[in-house]
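Notebook open, model loaded. I'm jotting down what I looked up, one entry at a time.

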Amino acid sequence: MKLHRISTAVIAVATTLALAACGGGGQNSSSGGGGFTAEPAEGGTVHVLQNADFSYLDPARGWDGGVNNFFRLVYRQLTTSAPGSAEDPNEIVPDLAESLGEASDDGLTWTYTLKDGLKFDNGDPITSAEVKFGISRAWDPGIGIGSPYLKQVIDAPKGYEGPYKSGDLPTIETPDEKTIVFHLKEPFPEFDAVLAQVNATPFPVDSGAGDEFIHEIIASGPYKLAEYVPGSTIKLTRNENWDPATDEVRAAKPDGWEFTIGLDPATIDERLISGQGADVNAIAGNIQPATLPRLQTPQLQERVLEFPGICTTYMGLNTTKKHMDDVRVRQAISYAIDRTTIVNASGGTQLGDPSTTILPPSVAGHKDFDLYPSEDGTGDVEAAKKLLDEAGLSDGFTMTLDIRAQESMQAQAEAVQQALERVGITVELNLIDTATYYETIGTPSQQHDAAITGWCPDWASSAATFIPPLFDGRNIYEKGNANLAQINDPAINERIDEIKAMTDIEAANEQWGDLDEQILEQAPIVPLMVAKGVMLPGENVTGLYSSANAATGGIDYVGVGLKDPEKG
Amino acid sequence: MPRFLLTRISSGLVVLLLVCLFTYLVFFALSPDPAVQICGKNCTPELIDQIRANLGLDQPFWTQFFLFVVGIFAGRTYGDGASTVDCAAPCLGYSFQSSQAVWDMIVQRLPVSATVAVGAAVLWLLAGLVGGLLSAVKEGTFLDRFTTGLTLTSMSIPNYVLALVLQYVLVVQLQWLPFPQAVAFADDPVQWFLNFVMPWIVLAVGYAAAYTRLTRANVLDVLRENYVRTAYAKGLPQSLIWRRHALRPALTPVVTIFGMDFAGLLGGALITETVFGINGVGKMAADSIARNDQPVIMGVTLLAGFLVVVGNIVVDVVYTAIDPRVRVNA
């Protein structure tokens with residue numbers, strides 16, 4: 001999966017923890033007593049241990065939780081998300097641009113002005129032409145396979161295929177070296193968030209054709225590529241042409257970064273626990289659930305870092321199937337589900353919180369409600385049975401649940417199975433190979449009655465990348481479908497259009513929360529839980545804050561540094 | 001001899017072509033649409049079509065297969081317009097998931113897998129031959145029974161268990177070895193060598209056990225042959241009987257097996273490389289399976305097939321050198 005929806009690479013990492021890479025979330029304080037929020041010192045090298053290789057070094061191609069965070073060290077865009085340490089880390093702030101965009105009255109034209117002193121790592125200046133060129137790469141059919149938002153929002157001539165094939169993109173104007181003007185297809189009040197997507201990175205005009213950026217980085221951020229061995233190591237050193245005065249987001253305290261790739265997840269945990277040598281300067285993604293019990297010693301507890309999650313694990317109910325087309329049946333299932341067991345099956349409360357809403361608490365627009373309440377979250381069997389009686393299904397029925405052939409998801413599915421058995425619903429599990437899971441459930445003709453999956457937002461400053469893709473009935477596709485419920489309700493579609501058009505983002509967020517509730521009244525999905533991030537950083541690392549936008553809830557790299565640069 | 005080689009090579013090529021065809025068929029028939037996978041989260045049907053066209057997946061099966069085979073010998077060019085990618089011969093295709101030429105990916109990792117294979121082979125040959133011979137000579141003694149028991153244990157331990165236990169004991173507890181670090185040989189030869197110690201041991205343990213048993217059984221068989229008894233009867237010194245009459249015939253089956261094992265290992269030790277995070281061909285294959293990256297899996301399968309075929313031919317040649325009985329009349 002391209003985005004934060006649990007990248008395929010991440011599936012390899014998260015052999016036991018579903019949604020592992022999606023853990024963590026938007027709160028700007030880290031828990032755990034290790035003092036991970038102390039100001040880092042200048043210098044040293046931060047080590048990152050990881051299992052999966054980055055998808056791509058080219059930001060027009062790569063777009064997933066892991067690589068977006070890495071991109072933030074080497075690439076800049078007109079706008080970006082605030083550092084994880086900011087008061088509101090979900091906020092979109094200016095980066096290469098002096099300020100956020102100025103929209104015309106009709107909302108169709110957006111103008112940005114570049115800061116002074118912006119340079120690539122080779123010393124060439126970054127002007128509006130380079131910004132425009134970098135953005136236009138998104139239209140190349142072979143290269144622009146990353147974030148889709150630029151293409152969806154910015155107007156382009158029909159059949160435009162990027163700068164290498166179709167040349168200049170006339171809908172982005174560069175009246176002078178500092179000014180850049182975008183023309184949109186239709187008003188998009190959150191356009192600043194679109195330009196914060198990684199594929200809006202500037203590149204020197206005419207660079208990056210074919211596979212040029214597969215092994216190369218032309219850096220605009222504080223670090224440049226020193227060494228890259230695919231599947232093994234990436235080393236970053238300081239980009240001397242990056243001027244800190246132009247960058248309020250990136251503290252960039254360490255002199256370098258070293259990513260070690262391809263490590264077995266159990267080995268990563270082992271290394272972090274023993275903290276030998278340079279591993280005191282190491283950070284990594286979430287630890288394995290199997291490692292959790294070993295962290296109970298006081299010394300290790302001090303180093304445990306917990307971040308709230310930003311991704312919702314849910315069970316989609318296919319509303320086109322028999323029984324599932326009856327709202328009473330879907331509501332009955334919503335009542336019967338036992339979230340306490342589900343959280344326990346997923347590794348316990350340290351790794352996840354039960355969720356009764358579509359939007360997780362760390363995403364803007366979240367509204368706290370529970371339409372199908374029960375004592376201790378274990379399910380209301382009576383209410384469920386009553387609804388099934390009304391639907392004429394007192395004797396129950398049999399349904400098929402699609403799940404990924406993976407330990408923790410199977411455990412979750414079994415928890416669903418047991419909960420629904422109490423109301424007479426027999427759940428048959430359909431195990432699907434990890435590598436092909438999303439392709440299968442994203443193909444409506446192959447979908448069964450229900451499926452367990454997860455969703456993470458592409459930006460957490462609103463619900464615009466959470467609710468529309470999952471519930472807009474006009475986007476039900478034969479393949480690559482995200483609306484698993486296949487719900488197509490004119491009332492919901494209309495509300496989505498209305499809220500999307502609102503220019504007051506804060507007011508819009510309140511309405512997204514209301515829409516969340518409106519949707520769940522029809523119970524097209526059953527929210528199950530929000531997986532949390534649990535990490536064990538090295539004892540010499542500090543400046544660890546989570547970022548929903550930049551790191552899918554993980555550690556925002558731009559603030560990370562060492563307490564003592566001489567150590568390790 | 002040349003004719004013998006020629007027939008072996010041509011039959012080898014046929015085997016490879018069949019491997020190629022079957023692998024291609026399996027993926028064509030069974031795998032889901034790679035375009036959907038690349039398309040990801042916010043996907044539309046138009047985007048899927050675009051990606052399919054770009055990867056050449058919209059062509060009929062035989063066209064795709066034909067282009068693939070031609071590419072191996074003549075190279076290919078992907079894309080069109082000003083943005084093309086050249087894939088020089090031998091072009092084994094282009095990875096869907098990482099946009100790199102499969103051949104380049106293999107070439108980069110093959111030396112790593114070769115290092116793993118060579119080191120492990122040295123260990124297991126030494127251990128296997130010495131253990132097997134000792135066991136045979138001291139047949140029925142405590143040493144023999146101990147060796148037999150040890151081989152049974154070694155063969156029963158799965159690679160991944162041994163790997164993790166070894167790592168826990170040697171690295172975490174005793175700290176005799178550092179955790180494997182990704183270093184180039186030129187930068188830090190000591191760390192580089194230490195990186196490979198555990199993988200070598202893990203791989204060698206399983207093989208050594210099998211080779212010990214094979215050697216023991218063969219030597220015992222040969223020692224019971226009539227000509228050995230005759231040699232004893234003639235009063236030849238024991239060392240000479242051992243060296244000239246017993247060892248050589250006893251070793252021929254070992255050579256056969258070794259050729260195939262070693263060639264297979266060059267194509268990547270999937271489990272060992274994955275557990276120790278060694279960036280070899282085997283780990284690349286394992287990762288590609290998880291990512292459903294068909295061209296890479298194809299490439300590694302073909303490479304492994306090629307190495308086994310070559311290994312077999314080499315074994316046949318070596319065989320004739322060791323054992324005069326199978327020498328072909330030129």
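**Sheet in chain A.** I started with strands β5 (residues 109-113) and β7 (residues 179-183) of chain A, which run antiparallel and are joined by 5 bridges. Strands count as paired if DSSP finds at least two bridges between them. The whole thing is an open sheet of 4 strands in chain A, with antiparallel pairing and the order β4-β5-β7-β6. Its edge strands are β4 (102-103) and β6 (172-176) of chain A, each pairing on one side only. Helix α3 (residues 128-136) of chain A packs on this sheet and touches β6 and β7 of chain A, its direction making about 170 degrees with that of β6(A). Touching here means contact: C-beta atoms, placed from the backbone, within 7 Å. Angles run from 0 to 180 degrees between N-to-C directions, and axes are lines fitted to C-alpha atoms, for helices over the stretch in contact.

**Note on the model.** This is a predicted model, so I kept local features to pLDDT of at least 70 and side-chain atom pairs to pLDDT 80 or more, while totals for chains, interfaces and linings use all residues. Residues are numbered from 1 along each chain as its sequence is written, with chains lettered from A and ligands numbered from 1 in the order in which they are written.

**Chain B overall.** I found 13 helices and 2 strands in chain B. Its C-alpha atoms fill a box of roughly 85 × 60 × 35 Å along the principal axes. Of its 330 residues, 37% are buried. Buried means 20 or more other C-beta atoms within 10 Å of the residue's own, exposed means 12 or fewer, and partly exposed is in between, with C-beta atoms placed from the backbone.

**Helix α5(B).** How do α5 (residues 102-137) and α10 (residues 238-266) of chain B pack? Their axes are 8 Å apart, at an angle of about 150 degrees. That makes α5(B) and α10(B) roughly antiparallel (under 35 degrees is roughly parallel, over 145 roughly antiparallel, 65 to 115 roughly perpendicular, the rest oblique). The residues in this contact include B:Ala117 and B:Leu125 of α5(B), and B:Phe258 and B:Phe262 of α10(B). By class I get 9 nonpolar, 1 polar and no charged. Nonpolar is Ala, Val, Leu, Ile, Met, Phe, Trp, Tyr, Cys and Pro; charged is Asp, Glu, Lys and Arg; the others, Gly among them, are polar. α5(B) also meets α8 (residues 189-223) of chain B, where the axes come within 6 Å and cross at roughly 35 degrees. That contact has 20 nonpolar, 8 polar and 1 charged residues.

**Chain A against chain B.** The contact takes 50 residues from chain A and 41 from chain B. On the chain A side, α8(A) gives the largest share, 5 residues. That side has 21 nonpolar, 17 polar and 12 charged residues.

B:Ala89 and B:Pro90 are joined by a cis peptide bond, omega about -5 degrees. B:Pro90 sits in the loop between β2 (85-87) and α5 of chain B. A:Asp206 isn't a glycine, yet its phi is positive, about 75 degrees. A:Asp206 counts as exposed because it has 10 C-beta neighbours inside 10 Å. B:Gln175, in the loop between α7 (159-173) and α8 of chain B, also has a positive phi, near 55 degrees.

Terms used. Contact = placed C-beta atoms within 7 Å.
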